[in-house]
Amino acid sequence: MSKPKFKNPVVNWIDYRLPIFTFMNHELNEYPTPKNLNYFWNFGSLAGITLVIMIVTGIVLSMNYTAHIDYAFDSVERIMRDVNHGWLLRYIHMNGASFFFIVVYIHIFRGLYYGSYKAPREILWILGVLILLLMMATAFMGYVLPWGQMSFWGATVITNLFSAIPLVGESIVTWLWGGFSVDNPTLNRFFSLHFVLPFVIVGVVILHLVALHRFGSNNPIGIDVQGKQDTIPFHPYYTIKDLFGLSVFATIFAAAVFFFPNFMGHPDNYIPANPMVTPAHIVPEWYFLPFYAILRAIPDKLGGVLFMFGAIMVLFVLPWLDKSSVRSSQFRPLYKLFFWFLVIDCIALGYLGAMPAEGIYVVLSRLATAYYFFHFLIILPLLPKIESTRPLPVSISTPIITASSNASTVMAMREKK
Amino acid sequence: MTNKNTPDDKNKRDFLQVSTYALGAVGAASFVWPLINQMNPAADTLALASTEVDLEQLEEGQAITVTWRGKPVFIRHRTKEEIASAKDQLLDGLRDPQTDDERVQNEKYIVLVGVCTHLGCVPLGQKSGDIKGEYGGWFCPCHGSHYDHSGRIRKGPAPTNLEIPQYSFLSDTLIKIG
C-alpha cells in the first residue's frame, strides 16, 4: 500500500478497499478546472441540484397521490389543503419543473454560445440532448397526473401526435392509451413512468459527468487547457462559486414558490378533467411552447409532427453541422450575430406557441420555424466558409496576463502625467 | 480430436454459436412481448357496452352528444338545407373525398365520433351558440379545423373526415352505436 492519502485512518482503510474517497477527491476536490469560467458555468450544477429537489419532493408527493381518474384531482387538492406541508411540497415540485427547464435552457444556450458541443465533447453534448428529451417526457407525464382539464387535453393532443405515423399510428395511440381514449389505464401508466424516468435521467446525468470529466469543462474563450497555469482546483474555487449561484437561484425559486406559485401554470388545470369538453385554448406548459409553435406552423399533420421532433433531432447532429474549428463566439463575429438571432427566434416561437393559431400568428410561426431550421441546416454549415474569425489567444492565461499588464501600463502612463 | 481446427469442426462451432444466439433472441423476444402487449386495451376495456340512443325527441336542427367508449359521439338531426348543401358538394375540392351518401344511413341523421382527426380535441358546433366554422358543420378550436354538414374536413390541419362509428337503426328513431 502506498503512502496513505488521507489523515483519517478509517477513511484510508475504506479507501484501500473501495476507492470512493480517492474518486471524490479526484473529481470534486482537486479536479483541475479552467480558471476563466464565468457565471454561465453555474447552470450545470444548478440543473443537477434541481433534479435532486424534484426527485425528493416527487417521492413524498407520491405518498399522498392516488393514480385513478376518480381520485387523482381530489388527492392533489387534499395535498394542497390537508396534508402537512403538502402545499409547499407540491408548489416546489410544480415550480421546480419550470425552473428545471429555465436552468437547462440557459445551460444549452451557454453550450451553443461557447461552442461546447465541438470536438472532443460531442458525446457529452449528445447525452445532454438525450437528458432534455427525457426531461420533456417526464414533465409531460407529470403534468397529466393532477387530472385537470389541461392535463387531460394535453395528454390527448400529445399522444395523438403518434397517430400521424403512417399505417401503424392508430395502433400505437391505442397502445399508449390502453383503450380508445385517454382514460384510467393511461393515467396509471403515466404515473408509473413519471416515477421511473427521473432515475433514468440520473443515470444519463452520470454518463454526462463522466464524459465531461474526460476533457474537463470548456471555457469562455474556448481554447484547450495547456497546463497547470490555466487551471485551478474545483474546490474551493468553483464549489464556492456554485454555492453562491445556488443561493441566488434558491432566492428566486423561493420567491416563485411563496409569492407567485401559479404564475407559470394554467388556471384551467384547476378544473377537473372532462372528456366531453375541450377548453377553448389548449396551451402546453411554457417550456413546450416553441415546439408547439413549430407543430402548428406546418399545415400538415405528419409534417408538423416531423418538424417538431426534428427541432430536437437537429441538436443531436449539431457537432457535425457546425464545422468551424473555433469554439467560442468571442472569436466568431458572424456566428455571434446569428446566435442572438436564434435566441430571438426561439423566444418568438415561444410567444407564438401561446397565441391562437390564426391570422398573422400563423404566418409569423411559419417564418420563425423556417428560420430555426435555416440556422442549423444552412447558416451553420456555410458560416466557416465566409467567416473570418478573430485571432485566438495563445493560452487561457495569456489574455489575463496581457490585460493586467496593459492595465498597469495605462496606470504607469497616468502616473507620469 | 486430433486437430481442433479442421473445417468441419469450425462449421460445427459456428452453427452451435449462431443457433444459441438465435434461440436466446427468440426467448428474450417472447418474454418482451407480454411486457409490451400488457399496455394494449384490456379485455374489460374492449368489452365496453354499446350505447343505445332514442332520437324521438331530437327536433330538426338539434344535436345531441352521447358517450361511447369514453369518446363523445355527435348526432345531428339535419335541416333540409344542410342535407342539400352536404349532397351538392362536389368531391373535387375535398381533402378526403366521400359523398354524403357514404357517410349516412338515414340522411336526416348524421352520426359522427366527435373527435377531431388532427390531434383529438372535441370540435364545437353541437350547441346552438357554438362557432360552427366556415362550412357550417363543426369547428375545432384547438388548431382550427373546419368540418361541413357531413363532418368532412374542409379547411385546417386535420387529415381526414370525422370518423363514423359503427351503428345501426333498431327502429326509425332508435339507434345502437357500437
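# Exercises on a predicted two-chain model

K10(B) forms a salt bridge with D14(B), their closest N and O atoms lying 3.6 Å apart, where a salt bridge is a side-chain nitrogen of Lys or Arg within 4 Å of a carboxyl oxygen of Asp or Glu. This is a predicted model, in which local features need pLDDT of at least 70 and side-chain atom pairs count only at pLDDT 80 or more, while totals for chains, interfaces and linings use all residues. Residues are numbered from 1 along each chain as its sequence is written, chains are lettered from A and ligands numbered from 1 in the order in which they are written, and side-chain values use heavy atoms, with hydrogens and water left out.

## Exercise 1

Solution. Step two: the classes are buried under 20% relative accessible area, exposed over 50% and partly exposed in between (1.4 Å probe, protein chains only).

## Exercise 2

Find where in chain A the salt-bridged residues D322(A) and K118(A) lie, and state whether D322(A) is buried or exposed.

Solution. Step one: the closest N and O atoms of D322(A) and K118(A) are 3.1 Å apart. Step two: this pair links distant parts of the chain, with D322(A) in the loop between α13 (318-321) and α14 (333-354) and K118(A) in the loop between α5 (86-113) and α6, 204 residues apart. Step three: D322(A) has 2% relative accessibility and so counts as buried, and K118(A), at 6%, counts as buried as well.

## Exercise 3

Describe the salt bridge of D100(B) with K87(B), and name the network to which both residues belong.

Solution. Step one: the closest N and O atoms of D100(B) and K87(B) are 3.8 Å apart. Step two: the pair links distant parts of the chain, D100(B) being in helix α4 (residues 100-103) of chain B and K87(B) in helix α3 (residues 80-88) of chain B, 13 residues apart. Step three: D100(B) counts as buried because its relative accessibility is 2%, while K87(B), at 33%, counts as partly exposed. Step four: the network of salt bridges links R78(B), K87(B), D100(B), D101(B) and E107(B). Over all chains, the search of the whole structure finds 15 salt bridges.

## Exercise 4

Characterise the interface of chain B and chain A by its contacts, buried area and polar pairing.

Solution. Step one: 25 residues of chain B are in contact (heavy atoms within 4.5 Å) with 22 residues of chain A. Step two: the two chains bury about 2,200 Å² between them, 65% of it on carbon and sulfur atoms, buried area being the accessible area (1.4 Å probe) that two parts lose on being put together, summed over both. Of the area that chain B buries against chain A, M39(B), L119(B) and H143(B) supply 30%, more than any other three residues.

## Exercise 5

Locate H143(B) and work out which residues it touches.

Solution. Step one: H143(B) is found in the loop between β5 (138-140) and β6 (145-147) of chain B, and its 8% relative accessibility is why H143(B) counts as buried. Step two: not counting residues up to four places away in sequence, H143(B) touches V157(A), Y292(A), R296(A), H118(B), L119(B) and P157(B). Step three: the side chain of H143(B) makes a polar contact of 2.7 Å with the side chain of Y292(A), and another polar contact, of 3.3 Å, joins the side chains of H143(B) and H118(B).

Definitions and conventions
Polar contact = N/O pair within 3.5 Å; in protein donor to acceptor, adjacent residues only side chain to side chain. Helix = DSSP H or I, 4+ residues; strand = E, 2+ residues; numbered from the N terminus.
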